[in-house]
Amino acid sequence: MSTDLDDSRFTAFGLFAEAFTGLTNRFAVQFEQHRLSAVEFEVLMRLARSPGNRLRMTDLAGQTSLSTSGVTRVVDRMDRDGLVRREACASDRRSSYAVITTEGRQRLDEVLPGHLELLQQWFIGQLTPGQLDVLLDAMRAIRDAVNPCATAGSTDESQSDAA
């Protein structure tokens, strides 16, 4: 028995992968203009959108495309570049936080207007408001199933460690 290569499951994932690749290629040019990699942009966005502008390193790994060792290397490089800094976790000596710096926020602020234009032109602008709502719900459902750690540290509960 042969597998049906026209199976809609192949089509759905193939379209997702092609769209993601096309978008990331368009974004990469703009990130390079601002001396950032796509991963560094992702880290800055995650930190800027988190309570206290910080995340535990393990939570940052769960929210990005990086492994825990990969996030360590990226944060170390970004720390040397002054875009983020590390903070010790008062309640757990084994953990540390990545925190966006003023310079990191400034770099992000330089990138965001152009990035939002690209998002509008090539992503959001291709959808009706109803399609966008459906897409957001679908992406959250998939994300929660395949990456349940992706929202770790994104609530104010993590701030109890700061006190």
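Author: Happy to, and let us begin with a helix pair. Phe41, Leu44, Met45 and Ala48 in α2 meet Gly104, Arg105, Leu108, Val111, Leu112 and His115 in α5, where contact means heavy atoms within 4.5 Å. Helices here are DSSP runs of H or I with at least four residues, strands are runs of E with at least two, and both are numbered from the N terminus. This is a predicted model, in which local features need pLDDT of at least 70, side-chain atom pairs count only at pLDDT 80 or more, and totals for chains, interfaces and linings use all residues. Residues are numbered from 1 along each chain as its sequence is written, and side-chain values use heavy atoms, with hydrogens and water left out.

Reader: By class, how many nonpolar, polar and charged residues has the contact of α2 with α5?

Author: Ala, Val, Leu, Ile, Met, Phe, Trp, Tyr, Cys and Pro count as nonpolar, Asp, Glu, Lys and Arg as charged, and the others, Gly among them, as polar. Sorted that way, the contact of α2 with α5 has seven nonpolar, two polar and one charged residues.

Reader: Are α2 and α5 roughly parallel or roughly perpendicular to each other?

Author: Axes are lines fitted to C-alpha atoms, for helices over the stretch in contact, with angles from 0 to 180 degrees between N-to-C directions. Angles under 35 degrees count as roughly parallel, over 145 as roughly antiparallel, 65 to 115 as roughly perpendicular and the rest as oblique. Helix α2 (residues 38-48) packs on α5 at about 105°, with the axes 10 Å apart. The two helices are therefore roughly perpendicular.

Reader: Are α1 and α5 roughly parallel or roughly antiparallel to each other?

Author: The axes of α1 (residues 8-33) and α5 (residues 102-122) come within 10 Å and cross at roughly 160°. Leu23, Arg26, Phe27, Gln30 and Phe31 of α1 make the contact with Val111, Gly114, His115, Leu118, Leu119 and Trp122 of α5. So α1 and α5 are roughly antiparallel.

Reader: Are the rings of Phe31 and Phe41 stacked or edge-to-face?

Author: Rings of Phe, Tyr and Trp (its six-membered ring) pair if their centres lie within 6.5 Å; planes under 30 degrees apart count as stacked, over 60 as edge-to-face and the rest as tilted. Phe31 and Phe41 have ring centres 4.4 Å apart and planes at 25°, so the pair is stacked. It links distant parts of the chain, 10 residues apart, with Phe31 in helix α1 and Phe41 in helix α2.

Reader: Are Phe31 and Phe41 buried or exposed?

Author: Buried means under 20% relative accessible area, exposed over 50%, and partly exposed in between (1.4 Å probe, protein chains only). By that scale, both Phe31 and Phe41 are buried.

Reader: Which residues do ring pairs link into a cluster?

Author: Phe16 and Phe20 both lie in helix α1, four residues apart, about one turn of the helix. At 42% relative accessibility, Phe16 counts as partly exposed. The cluster linked by ring pairs consists of Phe13, Phe16 and Phe20.

Reader: Does Arg35 count as buried or exposed?

Author: Arg35 lies in the loop between α1 and α2. Its phi is near 60°, a positive value in a residue other than glycine. With a relative accessibility of 57%, Arg35 counts as exposed.
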